[in-house]
Structure formats: C-alpha cells, structure tokens
Amino acid sequence: MRSALSTREMVRPRTVRDALAALRDDPTLQPIAGGTDVYVGLNFGTLPAMRFIDLWPLEPLRRIAPAGEVLSIGALASFSAIMRSRAVRSRLPMLVEAAGQIGGVQIQNRGTIGGNIANGSPAGDTLPVLAAAEAIVVLRSASEERRVPLSRYYTGYRASVRQPDELIVAIEVPAQSGAQWFRKVGTRAAQAISKIVMAAVRDATPRIAIGSVGPTVVRVPRTESALANGASIDEAVRVLEQEITPIDDVRSTAGYRRTVSGNLLRRFWADTGARP
Amino acid sequence: MGKATGKALYADDLTFPGMLHGRTIRATIPRGRITGVRLDFDAAGFTVVDHRDIPDGGRNIVSLIVDDQPCLVEREVRHVAEPVLLLAHESREALLAARVHLEYEEQPPVFDPLASDAVLKELLIEKGDLARGFERADLVVEGTYRTGHQEHVYIETNGVVAVPERDGVALYGSIQCPFYVDRALRVMLGGSRHVRVVQTETGGGFGGKEEYPSMLACHAALLALKSQRPVKIIYDRVEDMLATTKRHPSVIRHRTGLTKDGRITAMDVDVVIDGGAYVTLSPVVLSRGGIHAAGPYRCANTRIRGRAMFTNTPPNGAFRGFGAPQTQFAMEVHMERIAEQLGMDPVQLRMKNALRPGDTTATGQTLAGDCSAQRVLREAVKRSGYRRKKARAGTSGRGFGVALFYHGSGFTGSGELKLASRAAVEVTATGVRLLVSSTEIGQGTRTMHAQIVADAVGVPYEQVEVAPVDTSIVPDSGPTVASRTCMVVGRILERCAREVRETLGDLTPQQYFAAHGPLRVEKQHEPPGWLTWDEERYRGDAYATYAWGCNVAEIEIQPDTYEIRPIRVTAVADIGKAIHPALATGQVEGGTAQGIGFATIEQVVMRNGAMANAQLTNYTIPTTLDTPVIDVVLLENPFPEGPFGAKGLGELPIDGPAPAIVNAVRSLGIDLREVPATPEVVMLAAHSRAAVEQHHDLLTYGAALSGVSPGTS
Amino acid sequence: MKFTLNGSEVTVEGHPMARLLDVLRLDLGLTGTKEGCGEGECGACTVLVDGAPVCSCLEPLAHVEGRDVTTIEGLGDDHPLQRAFMQEIGAQCGICTPGMVLTALSLGPKPSLARIREGLAGNLCRCTGYEAIYRAIQSVSGERDHRTPDADTGDPRS
C-alpha cells in the first residue's frame, strides 16, 4: 500500500453518539464503513485524509426495517445483507438487482449502501435506484438529524450537502408503486464499473434515473414528462438524448452512453409496458 | 500441493535478514532530456542508485538482442515510465514517502507507427511471382485489419529479490528465462562477478516475464551491491501495467487474388507493428508474425512485407503468440470477407485453400504428414455443430465464426541451432533427477518433463525429481517461450533418458547408484538434419513443425448494449502427442480465454504515450461470467522428432479465438475488422467503418494514424 | 487486536488500519494469501471472515477484531478441495488458487455450475480459462453438469 499508516490515526467509537461527538470535535475525520472505497484510495496513495473514524462496529446503523410505508435501510447495510433482506426483496427488488452487480461476492460482503452514497461517484450502482425510488438520505450530527431527498443531496461531481460533522445513518425509501426496472452496463459481465446504469419505475409518471451520464446521478424530468404526456417512445428517446450530458473517459464514449441510454429507455418501456 | 496449500513460495513471499525494499523513479514524459534530478527527502537509511553506479567494466545496458536499452536513463528519455533512479530503504513506508523531482527539456514525441521514420526492423518474404498471380485472379479483395495492445495481467506482478553473494549477487525472481537474466546481469555488471539466478514459483508469465525481468534484476542487483543488503523489488499492479511490456499493436493490409471458384492465386500482405521505444524482442515478433501472416493456406505467389517501428511508448514485447495472433487475426478476418464477396461458405473456402502435406508455405517449406489443417477444420465443424446451428441462426440471433490457424513450434529457422539448448538426466540414490532451465510458470513444465523422463527411463513418475531452476546447477535449456518446452527441451530429456535406460540395463536407478555411484547424461539439442533456413532471404524451413488449430465461436450480440456475449468456443488442436492430456487441455482452455479477452474486453487506452487505464478496474480481463463454455478437442498427428511425437502447444490456442469471434460478429452483418471489439466498437461498426478506425487508433495510439485514410481500407 | 485465526486465538500488535493482508503476510508470516492488485479486483487476497469471503487488501485489522478469520493455511495440507484442485489441474501457476479455494469453500456443498460462476466472479484466473476450476469444485461434490458435444447449453450464466 502506498499510504503511510504510521502518520494516520483511526478513531474507534463504541456508539453512534460517540461517533457523532468525535465528528463534531474533528470534522476532518474520514469515515470508514466496509473499506472497499477508502482502501483503494489508501492502496494507491490518492487519499489525503490523515484521521479516520471507523463506523464498521456500529450495529444500529445496519438495521433494515420497514416502518409502515417507509423502508429504512441502515447506512451500514452491506450489499449482501440487502440482497438477503426479505423487506428489500419485496419492496425494492431493483435495489437487490443493483446490489448483486456491484463487484464480486467479496465486495458485496463489505460494501455498504451508505458508502455508495457517500462516495458519490456518478457511476454508483445503487444511486439510480435510490433516485428513481425518491429515497431520502437521513443525516445526523451531534446536534440534529435531518432528511434530504436524494434528488437534492448531490450538488456536483462527488459533492453533496453533507456537512463534515454529519454521518449518513440511513436511507428511507417510500412505498413504491409501479414496475421496477434496473440495468447496469459495465466493462464486462461482472466486477465492473458502470458505463451506464439506469433504474426506472413505471408509475403514472415514470421515474427514470441514470448514472455515468453526467457529473452526478440524474433524474431525467423532461423525458419523464414526455412519456407521462403520451409522447411516443421515439420522441422520448430524442428528448433523453438531449437531456443527458455523458462524456468520453477511459471506459467508454459519450456517443456510446448516449445511444445506449436511449436503447435502455426503449427496453424499460417495452419490458414494463405489458403489465396489467 | 504447494499451490493449493499456500506453501509455494513466490517472489514476494521471500524474506532475507536485513532485506531492503526497492523502488524505481521513472520519467513522466514521453520524449526529452533530463536536465535536473532533485532528491527531496532525508537521505538517512536510503540507498540511491543512478546510472553512475554501474560498475567500472560494466555497461549501462539491459542486454537482449540489440544492446540499445539502458538500464537507467543517463540523459535521454524515450518513453514514459523509463527508469531513472533507484531507491532502497528498510521501511516500505519511508521508501514510498520519498520525493524525487525530475526536470526535463521536452521534445515532440512520436506515437504513430505509420508516421514514425525510425524503423526498428524490416522483413520481406517472397514466393513465386506476385504479378503473375494477380493476373490469374478473377477477383481481388483488399482490406486493412487492426489489433490493439494486450496486457498480460499475470495475477502475480513482476518481482525479484537480489542478495549479495560472494563478489556478486544471487537473484531470486518471477522469471521465465533465468539464463537471459543471468546474461543480462553479467553484461551490466561486467568483469567476472559471481551471478546466480534462481526462479521462484512464478504466478503466470505469458511472455511478460520473458525479457522484462532482466531489467528488474539489474535494478535490484545494483541496489544490493551498493547497499550490501538483500533488496526486494515487487511492482504493484499499476506500475507493472504502466511500465512493462505489452503485446505489439498492429495494422495489417491484405490484398488477395482469387479465381471465381475461390482458389487463392496471389497474396500480398503488409504488416506494421509498433515496437515502442527500444528494440527488445520486436525483430523476432515481426519475424514470427510475418512467417504466419499468410495463414495455413496454399498460395504459389506470396509477398509478405513487415516492419517494426519505433515510437515513444514503453517497449512492447513477448506475449503468448508473439506476432502470430495479430497476423492470423488479419488473415482469418480477411478470409471471411473473401468468402462474403464470393458468396462462398467460409468453411469451404478454407478447406479448399488449406495447406496439405506436400504443399509449401510462404517461406517455401514443404510440409510433411504432420500437417493437419484440413483435419482440425473438419473436426471443429463437426464438434461444434456449426452447420446445423448456422442453419438455424436466422431465428436464434446467434453468430457463428470460424478461424483456422497454425503455430510454428520452437524458435524460428536456425534459432534452435543457435540456442544450443542443453538438458541432463542424473541417476541418484533415490531415483532419477532431471535438470533443465525451463521454468514452471503454470503450464506444468515440471510434471510434463518428469512424465517424459519417467516413461523413457521406465520408472514410476514419483521417482523422478526435478532440479531447482538455479543457473549454478542446471544447464541452459534456452528460454521458456516459443512453445518449445515440451517439443525441444522435452526431446533432449527424452534422449538423455533413453541413454540412461540403456546404461541401467536391468538395474533400477537405486541399484545402479548403489553399485556404480552417480550417473549423469547431458545432451544438446539436435535440429532435424533436413532443416535448412536462409536467414537473409527468409526462405526454407521456418520451424521444425507446426501445431494446427481451428476455433468455432458461437456468440450473441446484446441488442441494447452491443456487447458480444460468447456462448461457446470450440477449440480443436493438433499437438502431435498429448504428453499429459489434462495439462494440455488446460493450455488450450487458458489460451482460448486469453484470446477471448483480446477479442472483446481488453482495451489498453494510451494517452500521451502512457497507459491511461493502468488498473485492474479499468483494464478488464474475463471473469467467470465473461467466459463461455470452452470445448476442447485434442488431436494427435505426431511429429516424429518430438518427444513421443509431441509438437509445441503453449501459444497455438491464442491465435484463433479473436478472428473466430469477429467472424461470428460478421456473420450477423456487422463489418468488424478490429480487436478489441468492445461494445463501443461494435456500435460504431454497424454504421461507419471510418468511425471504428478512428476510435481504435485514438485509443491505441492517441491519435488518428497517418497514411491510412479511415474508411478507405 | 484479538481475533481467531484458523481456529486459534491470536493477538496482534498492529495499526488498526493495517491491511489484514499485510498483517497475515508480514506480521504472522502466513504468505499463502497473495496480493494481486491492491484494489479488490482480482480476489487473490481473499480470506474468509466469519465464513464470508472478503478481500484482505481492503480489510482493516480493526474489522476482524473478535472475528473468525480463515486463510488457506487453515485448510491444512489435504482438504478435499485442495486435492481436487491439484487432481483436476484447477491450479496452473497457482497464484489465484488460495483465494479461489477459499471462495469455493464458501459456496457450500454441491453448487451448480451457474452458482459456481456467479460465486467466483470476484476471483480472477489468467491461466485456466476457469473450466478446470469448475471441474475441480464439482468433483468434490460429485456434481457434474454434463456437456455433450451436441448439447446446446444456452446462456452459461443463466
């Protein structure tokens, strides 16, 4: 590993309360959940953080619990736990699908939904699911708890409204109506970073969210209202192609992302169309 | 069992008392001169080495074919990641924290091999009368084909440990060719210092540890000698991908004349490979690629021109197949296009033109009974259900593609003669011991050689011991490359073992040892008496024999994403004799998987002369979910001068999958002529030839290539 | 830091953020677990924590406190899976084998070919093309998906 550990420190709070107090006192603390993102940065020597706070032992943050209409998923719920959870399987099957395509089993055993949100990569595989589901990020600091809809959570590339003294403690998913649909297009069949990742719900107004086609995960409101207002799928694809802003990078091209996003939209529409 | 128990010791598993860790400081520009080196760390505990630390009497050279590559940069930088300075320290943390600033005067780099005016090597193979051949043609088909780099991704990265020993060093490492390293160390150090090279258990090579370890060994040795401490240098994955060799990318043009019933009358092939900044093994890659460029087909009038060009990129080098996967990719996709233009069945076209015993190759070599081109083709078609499945393809949406190929066994031409490889068999108190410098790198060398010796001496396999690969103990059997380990080295062992058998008479080895003491039989390779090769004109017997292969690929294209999904690859291989069928099957399966990666998902992205996606996250090799069913059939058409009839095996399997897959895509109506055929490429290929070529060239070379107008080829 | 390693309790003095991979290899001298990439992509560093495969190159020492860690050394010298890997040539160069064996162990008894492919997707092998690895794992349970020459197996991932 390329990072000097002797100069780094790990704070290990016993409770969520202690964790929040530590963050209040030192907002430079970098949280570690499962470690699957933080440790890549440490291994490559690209993570400047010097002080870390270990969230992993905080059991209350793992809880997956339906609370009436709302499904609360603890930030520390691993992708494996999410895939096994009966509550998630019945209420948010598109999240189960997404979780199963994040890396191999080793990554699924340690990667967490909170980490995926906090990491804020536009390619994060759970993010389109949460965006399409209109989920709410629960943030907590030593002094308060607040709820921010995911649609307002990100402010730019890997930037969010989360303050340095706040932790993501849970993600709350409202009751969903309509068929759920998810597709990830990676650089290969497994263990791949998304080139495009899309989640969609066929509700009265469809909700469609796409990753890796802009600096953050995005909803596509113009496309959604076109479809809701009875536009043909061809027209909707045209709207979509204008609405997203994909780029060229080492994994793919803007042109590919644009064309395939349109293809996925068609596929979503056709797949979810025949339902009664 | 050591591999399954975790007890096998790879380079990074070794520790020595007082060991230091080493690190390489590298240039960050593709071309220019170093004008300043500034060390920005507390020097306490550090060993620092630059080119001035090469001993007097030694040479700042990593010796290979042409001694042009410096061990450490003096002034001139010719590629990104060129090594400039070496550091060693007891603490890995201190080592990695040390900062070194390099200042440069930059010069404009050359990345386009077609625009480069620096020719590394040229090649010309001529047979018959090309002009006359074209006159006889009813139809001429032309085409340009491209292959990108490929990165080895051996799961164990490059690494060595150098230990001061006597007045020199012992060098332990992940190495395919210990005597290459031995020689490189002697040349660099000069004088008559003690040098001993020991191969550690090696976690994959595929050619990537053929020549590169010599550079690494020289670096570790310099640090070890200066500090008088053992020094371990292990590359992490990023450094390994960035700095070490890759498969040569190629641009290959074909022009073929045929009669209207599909008989080839003339072949004109032009091969360009990008060698990177130094010669390394490019002349030999060009050589093998050129010799295989006309494929396993009969043609009376052939011209093959080749050139390897210098560019300001990290030198490309050996990778399983060594030029033949590139040139046979082009040949086989070109054959498919010919079949399309003629409206002829692709199998029929190949069957008609395939080499038969008695035919001559492009270099004028007459093939004997061990030529199996038609046989492997027939078997692959039968085994894969090609005809039946292709007939249903309209409804199934599946694509089917065929590739027919061959691979010369051993070093080209007089190469084996010059290598003068040696092997030995000894009688010991407990049985028999074999001594070779061939390395076990996963292909089962130890098992296969022990099998040969056991069978030839007439003792149980368990009584055969394999000597450790230590250059102070074993004779130089030549490098573990070129599909020669069984056929060439195994044959020498077979001859030694047969002589041991004769000497033993009725005695067991143990009885003989008790009565007479030790016995050692050492022999040298004897090239077949009939083999003649003209190195100047590239005419004659290029290889003692060839292995023959045929792949049939069954694929689907995902309609939304343009991803190629291989469903099944049938791989038929004639290898003369399967000494150990399970090991041989493993070679075919593994080589086929690498060929599938080469065809579909392995993309090296070059930016400003360096690999921009040098991480396993971004350079993706096939996982269990990317590989299809790989169905292997081994055929045995013996080569009389191979051990028990064996031909070379290791590289053949990687020559076929890429064209088979691309041909399967073509069968679905998409005009594809390049690999890697990523989904981005397949998407573009459905619409615009020019766009595909531009995309490929941009990723492979950083810009459009000159001299080939996109879309006109 | 106290944890159970291959069935015995151990106590390690180490930085809580030290990679489990380095603790195993450098502090405990157990070099069976390998580093292939440092980014959680290759799976060569796989160990089992409470029976679940994780990448030890991404696992802080602190996260195994009080846990049950199994490395390849914990299987001993003659586990049926180890024998199967050698018998079926599931190990060629062997560098992926420790991680591969441990992940295979976590698949449970009699895994189908589809389950094996899915479960091993995080373990890269560059030598075998995976076929012999499937043969090895299936030979232990006696399960073998028949693939005759004419059988159209369809999508290997289904």
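Biologist: What share of the contacts in chain A with a separation of 6 or more comes from residues 24 or more positions apart?

Modeller: This is a predicted model, where local features need pLDDT of at least 70 and side-chain atom pairs pLDDT 80 or more, while totals for chains, interfaces and linings use all residues. Residues are numbered from 1 along each chain as its sequence is written, with chains lettered from A and ligands numbered from 1 in the order in which they are written. A contact here means two C-beta atoms, placed from the backbone, within 7 Å. On that count, residues 24 or more positions apart make up 59%.

Biologist: How does the radius of gyration of chain A sit against the globule rule?

Modeller: The radius is taken over C-alpha atoms, and the rule is 2.2 Å times the number of residues to the power 0.38. For 276 residues the rule gives 19 Å, and chain A is close to that, so chain A is as compact as a globular protein of that length. Its radius of gyration is 19 Å.

Biologist: And how much of chain A counts as buried?

Modeller: Buried means 20 or more other C-beta atoms within 10 Å of a residue's own, exposed means 12 or fewer, and partly exposed is in between, with C-beta atoms placed from the backbone. Out of the 276 residues of chain A, the buried share is 54%.

Biologist: Which element gives the largest share of the side of chain B that touches chain C?

Modeller: That contact takes 41 residues from chain B and 43 residues from chain C. Helices (H or I, at least four residues) and strands (E, at least two) are DSSP runs, numbered from the N terminus. On the chain B side, α1 (2-5), α16 (581-600) and β27 (629-635) give two or more residues. The largest share, seven residues, comes from α16(B).

Biologist: Which strands stand at the edges of the six-stranded open sheet in chain B?

Modeller: Strands count as paired if DSSP finds at least two bridges between them. The order is β7-β15-β14-β13-β8-β28, with mixed pairing. Each edge strand has a single partner, so one side of each is left without a neighbour in the sheet; the two are β7 (119-127) and β28 (674-675) of chain B.

Biologist: Where is the cis peptide bond in chain B?

Modeller: Most peptide bonds are trans. Here, omega is about 5° at the cis bond, and B:P676 lies in the loop between β28 and α18 of chain B. The bond joins B:V675 and B:P676.

Biologist: B:R166 has a positive phi; is B:R166 buried or exposed?

Modeller: B:R166 is not a glycine, yet its phi is about 50°. The residue sits in the loop between β9 (159-165) and β10 (168-173) of chain B. It has 10 C-beta neighbours inside 10 Å, so B:R166 counts as exposed.

Biologist: C:Y130 has a positive phi too; buried or exposed?

Modeller: Phi is about 75° for C:Y130, again not a glycine. C:Y130 is in the loop between α4 (113-119) and α5 (131-141) of chain C. With 26 C-beta neighbours inside 10 Å, C:Y130 counts as buried.
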